[in-house]
Protein chains: 2
Amino acid sequence: MARQARAVRTRRAVLEAAAKVFAEYGYSAATVSDILKVAGVTKGALYFHFDSKEALARGVIESQVEQHLPAQELKIQEWVDQGMLLAYQLPRDPVVHAGAVLSSDPLGREHYGSAWPILIERSTQTLALAKERGEILPHVAPRETAEFITSAFHGVQLFSQLESGLADVERRVTVLYEHVLPTIALPAVLARLDVAADRGARLYAQMEAVTEAEYAERPTPVGTAD
Amino acid sequence: MARQARAVRTRRAVLEAAAKVFAEYGYSAATVSDILKVAGVTKGALYFHFDSKEALARGVIESQVEQHLPAQELKIQEWVDQGMLLAYQLPRDPVVHAGAVLSSDPLGREHYGSAWPILIERSTQTLALAKERGEILPHVAPRETAEFITSAFHGVQLFSQLESGLADVERRVTVLYEHVLPTIALPAVLARLDVAADRGARLYAQMEAVTEAEYAERPTPVGTAD
């Protein structure tokens, strides 16, 4: 366990360093050496997790999609939660923020990819389940709506970045959902959805509490308590 | 008239050259000399219209907002038309496209500004008029909706740029309006709105026809028919 926990911490330190360096120099000008210096880990440790600059960029990008959201009674609430959690993370988690920037870079994407295809696929699947359960209107085409919400979300977060340095991104994402949910969800379902601007914060706190409880249940092996 | 027509042509040639150079080298690396070479006009002619690189960027940006759209019976149709025309122009007019790119550049905007504040102001005013006339739902807050649609539009066009080089931008903008108009317009008004993907093309053709008719009405002065 301790070794695994250390590996998780190292990986996280490397990703935070990569996020910082990519944000400061841009992807093209950044080097693995720069990232190594900022991360404060050994070269071997870095290369164990990421064997190239492209791999580092992919690691940063994937931070946006590593959401383990709590299940909800309504699938369409889970769909909303994907965006609300991301809106909460963007101004607070430099790795998630760097991932969003890298994902929309037209030149960089050719080298390292983008989170968008994964986000769109997840969004499509959640909408398809919501449709099967009769939560959303029959005319909704899951993939079309998923592509639309992913691109509109990107525009909203970019606008918030330029206007307020992301200070108002959660409120703006609420406005986004308020503008589109009535066209997607059944009226009776709509009344039960939570799209409040602090939805992401509450989800995050709930997820943190679960993680802590999980760790607390595991006995720490003797002599490896770092 | 001929002198004015020549000035319009020169200004347009300079803006097209600036759009091309900004797209190729990026704003920071581009120089007025590069733009001068591509434009094929005299230095004096260029500086008559634009006295700096910032002024050239502002000129490119303003191309997005120089819309003289035909008046419609419904103000909310005029609101939609602002986006539909822009969607038509983006893949066809390199100056409009360069303006959109410059407007969303976080670093560049500090030097030369952005079209977004102007687009948002226009959008707000049109929504306020639509509200006065009772075309839109009473809960709509014009500025909030204007900021939302401008940022969502940007995300949609960026996604289209990355996915298809803007080949599908008009369809995606239709999808955007289909997702938000039911939350904005009264149901009876909604049924009368035109958000078809070729709306922008039809508006453009109509505007061209008006311009040609205006020119045709003016007699050409003898000996200055260039």
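This is a predicted model: local features need pLDDT of at least 70, side-chain atom pairs count only at pLDDT 80 or more; totals for chains, interfaces and linings use all residues.
At what angle do the axes of helix α1 (residues 2–25) of chain B and helix α2 (residues 32–39) of chain B cross?

**View 1. Crossing of helices α1 and α2 in chain B.** The two axes cross at roughly 125° and come within 8 Å. Because angles from 65 to 115 degrees count as roughly perpendicular and those over 145 as roughly antiparallel, α1(B) is therefore classed as oblique to α2(B). The crossing in which α1(B) passes α2(B) is right-handed.

**View 2. Residues in the contact of α1(B) with α2(B).** From α1(B), the contributing residues are A13(B), V14(B), A17(B), A18(B), K20(B), V21(B), F22(B) and Y25(B). These meet D34(B), I35(B), V38(B) and A39(B) in α2(B). By class, the residues of this contact comprise 10 nonpolar, no polar and two charged.

**View 3. Segment of chain A annotated in UniProt.** An unreviewed UniProt entry lists residues 8–68 of chain A as "domain: HTH tetR-type". Over this segment the chain is 70% helix and 0% strand. The C-alpha atoms at the ends of the segment are 16 Å apart.

**View 4. Superposition of chain A on chain B.** The same surface serves both copies, as 100% of the contact residues of chain A recur in chain B.

Terms used
Residues are numbered from 1 along each chain as its sequence is written. Chains are lettered from A and ligands numbered from 1 in the order in which they are written. Side-chain values use heavy atoms; hydrogens and water are left out. UniProt positions are given in the numbering used here, feature names are shortened, and annotations may be inferred rather than shown by experiment. Helices (H or I, at least four residues) and strands (E, at least two) are DSSP runs, numbered from the N terminus. Axes are lines fitted to C-alpha atoms, for helices over the stretch in contact, and angles run from 0 to 180 degrees between N-to-C directions. Angles under 35 degrees count as roughly parallel, over 145 as roughly antiparallel, 65 to 115 as roughly perpendicular and the rest as oblique. A crossing is left-handed if the near helix is turned anticlockwise from the far one by less than a right angle, and right-handed if clockwise. Contact means heavy atoms within 4.5 Å. Ala, Val, Leu, Ile, Met, Phe, Trp, Tyr, Cys and Pro count as nonpolar, Asp, Glu, Lys and Arg as charged, and the others, Gly among them, as polar. Copies are superposed by least squares on the C-alpha atoms of residues with pLDDT of at least 70 in both.
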